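Hello,

Here is the structure I promised to pass on.

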Amino acid sequence: MSQSKKKSIIESISGTLIGLLTSFLIQLVLYPLLDIPVTIHQNILITLVFFIVSIIRGYLVRRFFNKY
């Protein structure tokens, strides 16, 4: 049985939200350790860009494998 487009996007967003929080917390620790000067606003923007790209990537991969 194939997964609906709606379920694909819900699954993609759910997994990516978990990754969003994880990524944000890791960046809060990692950037200072590497002496990378990033403000909290820049960190949020970086995280959001990767979040959006990750949702699109996850959705497209799921649809591809669901099709074939």
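Which element gives the most to the nonpolar patch? Helix α1 does, with 7 residues. Please keep in mind that this is a predicted model.

The patch lies on the surface and is formed by Leu21, Leu25, Ile26, Leu28, Val29, Leu30, Leu33, Leu34, Ile36, Ile40, Ile44 and Leu48, which together have about 1,100 Å² of accessible area. Two or more of these residues come from each of α1 and α2. One of the patch members is Val29, a residue of helix α1. Val29 counts as exposed because its relative accessible area is 52%, and the cut-off for exposed is over 50%.

The Gln27 side chain has a polar contact, at 2.7 Å, with the side chain of Ser23. Beyond its neighbours within four places in sequence, Gln27 touches Pro32, Asn43, Ile46 and Thr47.

That brings us to Asn43, which sits in helix α2 (residues 40-67). With a relative accessible area of 2%, Asn43 is buried as well. Setting aside neighbours within four places in sequence, its contacts are Phe24, Gln27, Leu28, Tyr31 and Val38.

Best wishes

Technical notes
Residues numbered from 1 in each chain as written. Predicted model: local features only at pLDDT ≥ 70, side-chain atom pairs only at ≥ 80, totals over all residues. Heavy atoms only, no water. Helix = DSSP H or I, 4+ residues; strand = E, 2+ residues; numbered from the N terminus. Buried < 20%, exposed > 50% of the residue type's maximum accessible area, 1.4 Å probe, protein only. Contact = heavy atoms within 4.5 Å. Polar contact = N/O pair within 3.5 Å; in protein donor to acceptor, adjacent residues only side chain to side chain. Patch = residues over 30% accessible without salt bridge, like charges linked within 9 Å, V, L, I, M, F, W, Y side chains within 5 Å. Areas by Shrake-Rupley, 256 points an atom, 1.4 Å probe, with all protein chains shown as cover. Salt bridge = Lys/Arg side-chain N within 4 Å of Asp/Glu carboxyl O.
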